[in-house]
Amino acid sequence: MIFNRRTITKLLDLVNLQRHNDNYADIQTDLTNHEGRITGAQSDITTHKASTAAHPAEHVTYEGEIIGAENIKEGLDIIKTELDQAIISGDSGPEAAASRYNPFTGVTHATLPDRLNEEWEQTATQLADITLNIRSFGAAVDGIADDASAIMAAHDALPPSGGVVLIPGVSLIRSPLVFTKQVHLKGSGYATNAVNPSTYPKSAILKDGNFNAITLKANGSSVKKIGVVGLPSNGGDGICVEAARCCIDEVSINSMGRDNLRIGGGIGVNANLWRVPNIITLDAGRYGMFVHSDDPMADTNAGILSSIDARGNTSAGLALGNAYANTFLGVACQNNHGPGVHLLSGAVSNVFLLQYTEANTGGEFVMDAGSKQNLILGARGGVVNDGVVNNGTSNLTLGSTSALSELPYFFKDAFALSQTYRLNQAISGYWDEYVDGTDRSINYKLMGTSASASIKDGHNGSGIITREVMHLKINNGVTISGHMRGNRTITFPSIPAHSTSEQTITVTGAGLGDSAYVSPNGSPEVGLTWSAYVSAIDTVTVRLTNVTTAAIAPTARSWRCDVTKYV
């Protein structure tokens, strides 16, 4: 058979066409398989991007943060790109090989899944930083509807490590908020004075009922920029701190049925290392702020308060019960119906620096029996009551003053030691020492006494001793400029009836005109009288007089002479 050139060409074309058809079928099958993989991966990625909480997925866990990612979405986008490369090229392709290298850490992983699993595990750290708005959980935030369940739903939606719960407005609660995760409850403002519906802060929680409004039970929790308000006839406390290292900052608490802020709890509750940088507490049914542990170990220790404004509270503005070694700075307590600051029995080794207490009807700064070893540095009080009243043991006050009698000075009393017994009128009170601003005299004034007027008369009338520089003045009497003393054993000769005998004693510093007083050691013979006078510089003459009708021979004895100089 003879084939021409055209026939051969057509046969070859048919053969090539069949080969292309076979290749196309194989390619179509591969593309279909790849499309299935891509669709499945895209579904997983979409699910992960839409999630706000850790959830199980094949070969993936949420722990740690994504290195090099600014936010969760960017981290997920990075992982999506790596997955796409793995799906298209396989774990052995060039794209997968390149993806095993992490440019942000400089680590090349053995396989791409190793790197992806590590980065997925780090995602939980970023998820823990998310802020959950209570509106997303059904809160009305109108001050009328009960938002308690929505707030707790936001708390429950946080990962185990906790996170931020945002209060974007005024929320009413009719049941307690008990946070067992490390919650950071945040708002955008707090009250600076008394509140009513027209002056609620931008972010507020209104408590309607007989319960504690907020209880922090996880270490490291905080409340910031929120007002907590008790509605009429409410009961219980405002904020209760029952965990360690918790922080209450830029918070106002008003009108709770009992305590506005309570730090400490029952047996076994550790509320140590608390922090209160700035708080306003008004009109509590009992204490504006109460630091107290029911545990004998007093687990309310090593806390720091930086600023408190406590006003109008039924009892003390600030009270300490069973609490050790806390530090209080910038305490301001005014117009409370009990003491401004009240240290109850069990308050030990606490430090107060720069207090201002005024017009507190139960006393300005009061320390009860059972309070001990507390240090008060700079206490300004008065208007209604005296400054510091100390009925405790080994408490020390440095730099206190009272506005009752010492305006306009702030630290007029430079040094004040605790009184021993407040309730015993005969010995109550303590002596404050201060320098007068006009003549540099040093004054000692009897302070904090419960003594009556007659008792004060026994304390030199007004109870003030003034010691000038190089002089001593008592109750504004004659100024004493010096006191000298000398001693000598003298054997007087026999003294005839109605006669005198003189001997001298050296008293260094004595001068003519100074007052001299002499006294014998023991009882001299009956019928003898004695006197003394400065007869020369540094010399005092002792004169012994026999007033009887017979001679007397005095026995040898020691004579003491005191000389006083006056200005």
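Predicted model: local features only at pLDDT ≥ 70, side-chain atom pairs only at ≥ 80, totals over all residues.

1. I304, L329, L353 and L354 make a nonpolar surface patch of about 280 Å². A patch joins residues with over 30% relative accessible area and no salt bridge, nonpolar side chains (Val, Leu, Ile, Met, Phe, Trp, Tyr) within 5 Å and like charges within 9 Å; areas follow the Shrake-Rupley method with a 1.4 Å probe, only the protein chains shown counting as cover for residues.

2. Residues are numbered from 1 along each chain as its sequence is written, and side-chain values use heavy atoms, without hydrogens and water.

3. The structure holds 13 salt bridges (a side-chain nitrogen of Lys or Arg within 4 Å of a carboxyl oxygen of Asp or Glu). One of them pairs E250 with K224, with the closest N and O atoms 2.9 Å apart. Because E250 lies in strand β13 and K224 in strand β11, the pair ties together parts 26 residues apart in sequence.

4. D259 forms a salt bridge with R286 at 2.7 Å between the closest N and O atoms. D259 is buried at 0% relative accessibility, while R286 is partly exposed at 29% (buried is under 20%, exposed over 50%, partly exposed in between, with a 1.4 Å probe and protein chains only).

5. A network of salt bridges links K217, D237, E242, R258 and R262.

Definitions and conventions
Helix = DSSP H or I, 4+ residues; strand = E, 2+ residues; numbered from the N terminus.
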